[in-house]
Amino acid sequence: MTCRAGFIGVAVLALALVAEGVRAQELQLKAADIQKLLPVLRADAAQLGATQAYVERQEAARTSFSGDPLEFFRGRADVDLPEGARYVPGCSRAASAGGPVAIFTFGRTIDCYERMSRDYWGAVRRGPHEQLPPEALVPEECDREHQQTSKFLDDVRGGLEKRGYADLGDAYGSLASADGIFEIALYPHNIYDRANPVNGHPFNGIENAQAREAALVACSDMPSGPILVLFPRDRFFAEEGSDSLDAALRKAGLSKTDYEALKEALFLARMYTKPEWRQAAEAAAGDDPAGRQALSVQLANADLYRKFAAELDPLLDALVPKLPA
């Protein structure tokens, strides 16, 4: 871009900002405003930084997790599970290729009803609207076994609810821990087993064929009956202890609307500390009285900004979201 073209671009934007200044002349900043804003800006920057760090941690866990998932979970919070749930470390590590999950077995074999259902769907490719074989084809003893499995899982779910877990109301009867950090899903049979239908198998997302086969071996070598799977919820990746923006606003006696307007005025003030912006704005305002008045507000704000620049510059820099590399 040539210098002339760059100046024209600056002038066009400056003209728009001068027009905005006409509509917001009451936002002439005072030293008291900046003193009041500093703790709010710090809280805002901390919250934005925590949000960006949260997204990065979540993505890192999804794409490059390694190690033992249960140890990883316990490093964040207590893991309170029902008696009889036995951790399966080999399967858990293998299943965590797409993000950390901890898998527990109850040492039970798959009941014959679940086995018939699994084998029916695994035998051939079924259409999405096909139903299970008629109930008449299910032996009575299989139905009894299935009722026992259902009662067992209901009892497990009830025990979790007594520990403070809340039913999420999804198809799997998943539950969230009281602190919102973990989620538990209960399955009537081992969905990670090699015998489970290929279509929809949890390991289909593992692209590396060797890693997928290793996961199938690790997770097929455990009881085929009901399992409990522990997942991290979004709050797991949130950072604790960052300043609350809402609390800072309350302490400063500012509404979010007032804060956003004052923050915009600060960004504008910093911009007008640059000579090229000042020159472009003066040219854009011309002899228009309203434009000159608005420009005077912005220039006064810029002069005030310079006095606090050492404190304000790093905070405003932190409030500009960083784009992914």
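A disulfide is a pair of cysteine sulfur atoms within 2.5 Å. In covalent terms, a disulfide is a bond between the sulfur atoms of two cysteines. The model discussed here is predicted, and a search of the whole structure finds two disulfides in it.

**Disulfides**

| Disulfide | S to S | Torsion about the S-S bond | Handedness |
|---|---|---|---|
| Cys91 to Cys219 | 2.0 Å | about 100 degrees | right-handed |
| Cys112 to Cys142 | 2.1 Å | -140 degrees | left-handed |

The torsion about the S-S bond of Cys91 and Cys219 is about 100 degrees, and the disulfide is therefore right-handed. This pair links distant parts of the chain, with Cys91 in helix α4 (residues 89–95) and Cys219 in helix α7, 128 residues apart. Both Cys91 and Cys219 are buried.

The link of Cys112 and Cys142 is left-handed, with -140 degrees about the S-S bond. Here too distant parts of the chain are linked: Cys112 belongs to helix α5 (residues 112–123) and Cys142 to helix α6 (residues 140–162), 30 residues apart. Cys112 counts as buried at 7% relative accessibility, and Cys142 is buried with a relative accessible area of 5%. When the bonded cysteines of the protein chain are numbered in sequence order, the pairing reads 1-4, 2-3.

A search of the whole structure finds nine aromatic pairs. One of them joins Phe73 and Phe236 in an edge-to-face arrangement, 5.6 Å centre to centre with 80 degrees between the planes. Phe73 lies in helix α3 (residues 69–74), whereas Phe236 lies in the loop between β6 (227–232) and α8 (245–252), so this pair ties together parts that are 163 residues apart in sequence. Phe73 is buried, at a relative accessible area of 0%, and Phe236 also counts as buried, at 6% relative accessibility.

Tyr192 and Phe203 form a tilted pair, 5.5 Å centre to centre with 35 degrees between the planes. Both residues lie in the loop between β5 (182–187) and α7 (209–220), so the pair ties together parts that are 11 residues apart in sequence. Tyr192 counts as buried at 6% relative accessibility, and Phe203 is buried with a relative accessible area of 3%.

Phe73 and Phe236 also belong to one aromatic cluster, together with Phe65, Phe72 and Phe182. A further contact involves a charge and a ring: the charged end of Arg108 sits over the ring of Phe152, 4.2 Å from its centre.

Technical notes
Residues are numbered from 1 along each chain as its sequence is written. This is a predicted model: local features need pLDDT of at least 70, side-chain atom pairs count only at pLDDT 80 or more; totals for chains, interfaces and linings use all residues. Side-chain values use heavy atoms; hydrogens and water are left out. Rings of Phe, Tyr and Trp (its six-membered ring) pair if their centres lie within 6.5 Å; planes under 30 degrees apart count as stacked, over 60 as edge-to-face and the rest as tilted. Helices (H or I, at least four residues) and strands (E, at least two) are DSSP runs, numbered from the N terminus. Buried means under 20% relative accessible area, exposed over 50%, partly exposed in between (1.4 Å probe, protein chains only). A charge sits over a ring if NZ of Lys or CZ of Arg is within 6 Å of the ring centre and within 35 degrees of the ring normal.
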